[in-house]
Amino acid sequence: MDKLVTSTVGKSTNILWHDCPIGQPERQKLLNQKGCVVWITGLSGSGKSTLACALSRELYSRGHLTYILDGDNLRHGLNGDLSFEAKDRAENIRRVGEVAKLFADAGLICIASLISPYRSDRSGCRNLLHNSSFIEVFLNVPLEVCEARDPKGLYKLARAGKIKGFTGIDDPYEPPSDCEIVIHCKAGDCATPKSMADKVVTYLEANGFLQE
């Protein structure tokens, strides 16, 4: 019997990857869809969670299995030990990227909804998957529109100096330079959640994700 060869990954030593005869192709055939990650990025208040829920609802109505990874929801559990400082933000995105990769491997359409302000962090998540199965959706909503909405009152707190390092106020947001989908919105001219979701669904259909 050949000796098993273990490896070291990061701080983990003597580990071994175990393959299973049931893999992503078999799971995708069972679900009649292709696993992928729809990564929704944009400023706070741009409508990321709203789009994620509308997209999940639309795909569900068509018989497709999705799962939403929402930034705030994840900080209630998996990422509850992380702050909003740059180092922790990077770790936050790294963890979500790894979880999203697992969902895509399971054959699900994983919808990740996070500000994810830094290009390098988003690129790191893209690199975890086959490039075509990472679909970046940029909600291109001006700061003044997001601030006028301010659904959680965070912009008001940031302007008052009560929140430090708030994206768009005293911390940068780096817009995507090569994303698959851009959804524009300006004051008085914003698409409905359903129409935004339909734009993403159209992309998924055109690229074969909604069939095995």
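Student: What percentage of the 212 residues of the chain count as buried?

Tutor: This is a predicted model, in which local features need pLDDT of at least 70, side-chain atom pairs count only at pLDDT 80 or more, and totals for chains, interfaces and linings use all residues. Residues are numbered from 1 along each chain as its sequence is written, and side-chain values use heavy atoms, with hydrogens and water left out. A residue is called buried under 20% relative accessible area, exposed over 50%, and partly exposed in between, using a 1.4 Å probe and protein chains only. By that rule, the buried part of the 212 residues is 41%.

Student: What radius of gyration does the chain have, and what would a compact globule have?

Tutor: The radius of gyration is taken over C-alpha atoms, and the globule rule is 2.2 Å times the number of residues to the power 0.38. For 212 residues that rule gives a value near 17 Å, which agrees with the chain's own radius of gyration, 19 Å.

Student: Which two cysteines form a disulfide?

Tutor: A disulfide is a covalent bond between the sulfur atoms of two cysteines, and here a pair counts when the sulfur atoms are within 2.5 Å. A search of the whole structure finds 1 disulfide. Its sulfur atoms lie 1.6 Å apart, and they belong to cysteine 185 and cysteine 190.

Student: Which cysteine has the closest sulfur to that of cysteine 179?

Tutor: Cysteine 179 counts as buried, because its relative accessibility is 19%. Its sulfur is 15 Å from the closest cysteine sulfur, too far for a bond, and that sulfur is in cysteine 125.

Student: Where is asparagine 14, which has a positive phi although it is not a glycine?

Tutor: Most residues other than glycine have a negative phi, whereas asparagine 14 has a phi of about 55°. Asparagine 14 is exposed, because its relative accessibility is 64%. Its place is in residues 12–15, which form strand β2.

Definitions and conventions
Helices (H or I, at least four residues) and strands (E, at least two) are DSSP runs, numbered from the N terminus.
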